[in-house]
Structure formats: structure tokens, C-alpha cells
Amino acid sequence: MDEVRVTSAWVASHSSHVVVDSSGIEKVAETIDAIPKVNWDFEGIHYFDNGPLTVQYLFVLDALNFCFWPDEDLNYDNLAAGLKEALLNDKSAFDADRLQKYTGPELRELLKWPRPLPLEDERVRLLHEVGFELERSFDGKASNLVESCGKSAVKLVALVTRHFPGFRDHSVYKGHQVFLYKRAQILAADLWGAYGGKGYGEFYDIGSITIMADYIVPAVLRQLGVLKYSATLAGMIEKKSEIGSGSEEEVELRACSIYAVEKMKDLISIKLGRKVLSIELDLWLWSFGIQCPALQHHRTLSIYY
């Protein structure tokens with residue numbers, strides 16, 4: 001996670017299209033007397049049985065948790081609730097051997113979705129990858145992967161990105177490699193949130209996890225006055241133009257969000273007299289954003305978020 005923080009800070013200091021406004025961060029920190037409590041499953045859309053099957057569910061969920069916007073009716077809730085229902089109907093739906101065989105139409109049927117999913121071929125490919133590597137290295141069980149991390153969120157992210165290429169959320173920005181790791185980190189965050197920091201969700205270093213840089217968080221930070229965009233970037237977002245994956249604009253939106261929230265976290269921690277977790281801020285920002293349908297976010301076709 002040091003790589004995520006260091007490389008995000010480097011992007012923020014060399015950014016051409018996104019500016020992190022220090023005064024904006026200070027103003028937000030000044031208004032916060034307590035971090036708004038957001039429960040992990042605040043809408044009741046996730047599967048949870050307090051056992052290893054929940055770990056399998058979360059791993060499949062986070063393997064597919066990306067790029068909803070091309071279908072205006074599809075969102076994260078559809079994915080989480082659809083996978084939950086599939087597992088309630090068939091406990092073997094996410095067995096490693098079955099994950100390797102799903103087709104696009106079968107995935108649609110699993111989610112009860114009436115038309116092709118955005119980046120459907122990529123979603124199927126990642127299901128196959130997850131099933132194959134779980135079977136090859138972890139006896140088919142995502143819970144074995146989690147147990148092998150020794151209650152370290154940092155080691156979990158490292159293991160996931162080492163074994164599953166679809167989670168390697170890297171970019172090259174102005175000749176420098178940048179590490180963002182949204183979906184690998186959100187797996188650790190989901191486990192921590194689902195199990196209440198116990199059992200499969202117990203991580204002694206959960207404070208090492210950064211925010212999960214996606215579409216929503218940069219848009220919320222802009223609305224809060226923490227991020228400022230160039231006229232060109234603002235125009236692209238307002239026109240709903242697609243921003244290329246790995247482009248300077250896209251990397252800056254995500255990396256500057258991570259950097260800004262880390263700075264915000266430090267200020268809020270000092271003010272409250274306790275260590276604030278990036279996960280707490282991420283849940284707050286994300287829940288704030290999804291309740292603002294008019295929020296304008298950038299549009300990038302990507303498997304990483």
C-alpha cells in the first residue's frame with residue numbers, strides 16, 4: 001500500500017488536469033466532528049452467512065465489480081443482489097470448477113439481467129481466471145486465500161494481485177508506474193466490513209488500505225471543492241465523452257483522489273484525536289455519491305473499477 005500512496009502522491013505533484021486543493025481539504029476537515037457511520041451492507045443487498053461461502057461470494061463479487069455506466073439501468077446493487085440470489089438458489093454456483101465454465105448468457109441468467117452486460121467478455125474471462133487460479137493454488141476456496149494472508153490486508157492485496165492478473169490495477173503515467181489496486185483493496189475492505197473486523201475480516205493492518213479510486217469518489221471530491229479540473233477535463237465530463245483507460249486525465253482523477261483523501265484523513269484524525277481509516281472515508285464518500293443521481297462522473301471503459 002506504500003506503493004499506492006507514494007505513486008499517487010507523485011501523480012498529484014505532476015498533474016496537468018486535476019488539482020488537489022489544500023484549502024478545500026481543510027474546509028471539509030473543519031466541518032467534520034465525527035465520521036458519518038455507514039454500515040457495510042446498509043441496503044441489505046449482499047450475501048452473508050458468517051462462513052467461508054461468504055468469502056467466495058465476495059471474491060466473485062469483487063472480480064466483477066467494474067464498469068456499470070454504459071448501461072444506465074445497471075448498477076452495483078444489481079450485481080451484489082443478483083449474485084446473492086444466485087447463491088441462495090444454488091450453494092455451488094461459485095464453485096471453482098463452475099466459475100471456469102460460465103458463458104456470457106449464463107452470467108446474464110445468473111444475474112437475471114435481460115441484455116448483454118458492459119464488458120461482458122471481460123467479466124466472463126475474469127470469472128474463468130478466478131475459478132482456475134482458486135482451483136490450482138487454493139483448493140478452490142477463496143477462504144484459503146484469505147487464511148494464507150496471516151490477517152494482513154496488505155499481504156492479501158499482494159497475494160490477490162500476484163495470483164490474479166485481472167486485479168493488477170497498474171498504469172504508466174509520464175514514464176512512472178502508478179499502483180491503484182481498487183478491486184484488490186475493496187476485497188479486503190469488504191471482508192473487514194462484512195465480518196465486522198473478526199474471523200475472515202480480521203486484519204491487524206486494515207489502516208494501510210487506501211480509498212478505492214473509482215468513478216464516484218472523484219466526482220464527490222470535486223463537488224466538495226477538494227479537486228479542481230482543467231477546463232478541458234471538465235468539458236469532457238460534462239459532455240459525457242469517454243476518457244481513455246490509462247490516459248493522463250484518467251490516472252490523475254484516480255490518483256489525486258487517493259492522495260487528497262489521505263491528506264483529509266490525516267487532518268480529521270488530528271481533529272478527532274483518533275486514527276481515522278481510509279475505509280471509513282471511502283464508505284462515506286461513496287454512499288454520499290450514489291445518493292446524488294445528478295453527480296457527473298468521468299466515463300472510462302475499464303475492468304479495474
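Helix α6, residues 104–111, and helix α7, residues 120–137, are roughly perpendicular to each other, since in this predicted model they pack at an angle of about 90°, with their axes 9 Å apart. If you look at the residues that make this contact, you will find Gly104, Pro105, Leu107 and Arg108 on the side of α6, and Glu120, Arg123, Val124 and Leu127 on the side of α7.

Let me turn to another pair of helices, α11 and α14. Helix α11 covers residues 216–223 and helix α14 covers residues 278–290, and the two pack at an angle of about 85°, with a separation of 9 Å between their axes. An angle from 65 to 115 degrees counts as roughly perpendicular, and α11 and α14 are therefore described in that way. On α11 the contact is made by Ile216, Val217, Val220, Leu221 and Gln223, and on α14 by Asp282, Leu285, Trp286, Phe288, Gly289 and Ile290. The residues of this contact of α11 with α14 divide into eight nonpolar, two polar and one charged.

Now to the aromatic rings. With ring centres required to lie within 6.5 Å, the count comes to ten aromatic pairs. One of the pairs is formed by phenylalanine 59 and phenylalanine 167, whose ring centres are 5.5 Å apart and whose planes meet at 15°, so the pair is stacked. What does this pair link? It links distant parts of the chain, for phenylalanine 59 belongs to helix α3, residues 52–64, whereas phenylalanine 167 belongs to the loop between α9, residues 153–163, and β2, residues 170–173, and the two are 108 residues apart. Both phenylalanine 59 and phenylalanine 167 are buried.

A further pair is that of phenylalanine 179 and tyrosine 181, with ring centres 5.9 Å apart and planes at 45°, so this pair is tilted. Here, too, both residues, phenylalanine 179 and tyrosine 181, are buried. Elsewhere, ring pairs link Phe48, Tyr195 and Tyr200 into a cluster.

Tyrosine 181 brings me to the backbone. Most residues other than glycine have a negative phi. In tyrosine 181, however, phi is positive, near 55°, and you will find this residue in the loop between β3 and α10, the latter being residues 182–194. Is tyrosine 181 buried or exposed? Its relative accessibility is 8%, so tyrosine 181 counts as buried.

Lysine 174 likewise has a positive phi, about 50°, although it is not a glycine. Its place is in the loop between β2 and β3, the latter being residues 176–179. With 37% relative accessibility, lysine 174 counts as partly exposed.

Staying in this part of the chain, serine 171 lies in strand β2 and is buried, with a relative accessible area of 12%. Leaving aside residues up to four places away in sequence, serine 171 touches His176, Gln177, Val178, Gly246 and Val251.

Another serine, serine 152, lies in the loop between α8, residues 142–147, and α9, and it is buried, with a relative accessible area of 6%. Again not counting residues up to four places away in sequence, serine 152 touches Phe203, Tyr204 and Asp205. From leucine 99, by contrast, serine 152 is 26 Å away in space, C-alpha to C-alpha, at a sequence separation of 53 residues.

Finally, lysine 198 lies in the loop between α10 and α11, and it is exposed, with a relative accessible area of 61%.

Key: Residues are numbered from 1 along each chain as its sequence is written. This is a predicted model: local features need pLDDT of at least 70, side-chain atom pairs count only at pLDDT 80 or more; totals for chains, interfaces and linings use all residues. Side-chain values use heavy atoms; hydrogens and water are left out. Axes are lines fitted to C-alpha atoms, for helices over the stretch in contact, and angles run from 0 to 180 degrees between N-to-C directions. Helices (H or I, at least four residues) and strands (E, at least two) are DSSP runs, numbered from the N terminus. Angles under 35 degrees count as roughly parallel, over 145 as roughly antiparallel, 65 to 115 as roughly perpendicular and the rest as oblique. Contact means heavy atoms within 4.5 Å. Ala, Val, Leu, Ile, Met, Phe, Trp, Tyr, Cys and Pro count as nonpolar, Asp, Glu, Lys and Arg as charged, and the others, Gly among them, as polar. Rings of Phe, Tyr and Trp (its six-membered ring) pair if their centres lie within 6.5 Å; planes under 30 degrees apart count as stacked, over 60 as edge-to-face and the rest as tilted. Buried means under 20% relative accessible area, exposed over 50%, partly exposed in between (1.4 Å probe, protein chains only).
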